[in-house]
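This briefing is meant to be read beside the sequence and the coordinates.

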Amino acid sequence: MTSQSHSTRGWINGFIGVVIFSGSLPATKAAISGFTPDFLTVARATIAGLLAVLILITFRQKFPSKKQLTALCIVTSGVVIGFPLLTAFALEHITSAHSMVFLGLLPLSTAIFAVLRGGERPRKAFWFFSVLGSFFVVSFAYLQGGESSLIGDLYMIAAILLCGLGYAEGATLAKQLGSWQVICWALVLSLPLMIILCLFLWPSTLNNVPTFAWGGLIYVSIFSMLIGFFFWYRGLSEGGIAGVGQLQLVQPFLGLMLSAWLLHETVSSLMMLATCGVILCVAGSKHFTRK
């Protein structure tokens, strides 16, 4: 397979991953209508972790080395625990539609950690467009009036940083272990703690949990925590972390549409304008990914 076709396959896998991830925040918003953020975080990781155990056993995967385990701990902290927990807390203060715009920061966050952890070296113009897009997003967050919340915005920013770290670390490790192996092992590492916390945080009753909250839990457990990463890590490792990471620019659009459709949230013209601005800035950076 040529280098170009290998890269193309990476972009295709990356796009599929982004499409799957675009439903994460609306599904999380639906899930916290019936579950607390802390229980939702450990429940989704427990369900995905149990499925990961079955997958690893079925395909008889070799246990990772000590060095790989260190990297897997970073992945676990970023995408298994950090991002789900912080976004769940954020969605107690802001709407799903508002949180979507923060996803415009993910390409920049991923690119920064692609340099720090993946050894990639984008050109200077790349950083100009990425920083400009990030500034646009943060400025917009405080122009939303009643829809905005400082604590919710801070939770989202922290979540984006941890997610970018987990993406870059996992993509680098995927070149050694394989894409689906990385997320499966990361979930398994956290599973003992997640099971204990799940039992400790178990609700006193589940009788009043609405159906759409159960649907949200199922989606974030199976798709957001597991299947989406099969495609995403493979895409990043094949096409380049900083480059394929720019595909996240379509995630706010997809997420905004899902929020309006599933949660009946209002998507204002300003919010759409902000998302378009972010996408244009990050799209500009795509042309200057490599030196």
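This is a predicted model: local features need pLDDT of at least 70, side-chain atom pairs count only at pLDDT 80 or more; totals for chains, interfaces and linings use all residues.

**After helix α3**

- Arginine 60, which follows α3, has a positive phi, near 50 degrees.

**The largest pocket**

- The largest pocket holds about 170 Å³ of space, and its lining is made up of 13 residues, among which Gly23, Pro26, Ala27, Ala30 and Leu262 lie nearest the centre of the pocket.
- Of the contributing elements, α10 gives the most to the lining of the largest pocket, with four residues.
- Sorted by class, the lining of the largest pocket comprises nine nonpolar and four polar residues, while no charged residue takes part in it.

**The largest cavity**

- Two cavities of 30 Å³ or more are counted in the model, and the largest cavity has a volume of about 140 Å³.
- The largest cavity is lined by 16 residues, and those closest to its centre are Phe21, Ser24, Phe83, Tyr167 and Ser224.
- Two or more residues of this lining come from each of α2, α4 (66-90), α8 (150-177) and α10, and the largest share, four residues, is supplied by α4.
- The class division for the lining of the largest cavity is ten nonpolar, five polar and one charged residue.

**The second largest cavity**

- The second largest cavity contains about 30 Å³ of space, and the residues lining it are Gly104, Pro107, Leu108, Ser130, Gly133, Ser134, Gln246, Val282 and Ser285.
- The elements that each provide two or more residues to this lining are α6 (106-116), α7 (124-141) and α13 (269-286), with the largest share, three residues, coming from α7.
- Six polar and three nonpolar residues make up the lining of the second largest cavity, which has no charged residues.

**Helix packing**

- Two packed helices are described by the angle between their axes together with the distance between those axes.
- For α8 and helix α9 (residues 179-200), the axes come within 7 Å and cross at roughly 115 degrees; since angles of 65 to 115 degrees count as roughly perpendicular, α8 and α9 are therefore roughly perpendicular to each other.
- The crossing in which α8 passes α9 is right-handed.
- For α4 and α10, which pack with their axes 13 Å apart, the angle is about 135 degrees, and α4 is therefore oblique to α10.
- The crossing of α4 and α10 is right-handed.

- Helix α4, which supplies four residues to the lining of the largest cavity, packs against α10 at an angle of about 135 degrees.

Notes. Residues are numbered from 1 along each chain as its sequence is written. Side-chain values use heavy atoms; hydrogens and water are left out. On a 1 Å grid over the protein atoms alone, a cavity is a set of points where a 1.4 Å probe fits but cannot get out, and a pocket is an open set with protein on both sides within 12 Å along at least five of seven lines; lining residues have an atom within 4 Å of a point. Grid points are joined across faces, edges and corners, and a volume is the space filled by probe spheres set on the points. Ala, Val, Leu, Ile, Met, Phe, Trp, Tyr, Cys and Pro count as nonpolar, Asp, Glu, Lys and Arg as charged, and the others, Gly among them, as polar. Axes are lines fitted to C-alpha atoms, for helices over the stretch in contact, and angles run from 0 to 180 degrees between N-to-C directions. Angles under 35 degrees count as roughly parallel, over 145 as roughly antiparallel, 65 to 115 as roughly perpendicular and the rest as oblique. A crossing is left-handed if the near helix is turned anticlockwise from the far one by less than a right angle, and right-handed if clockwise.
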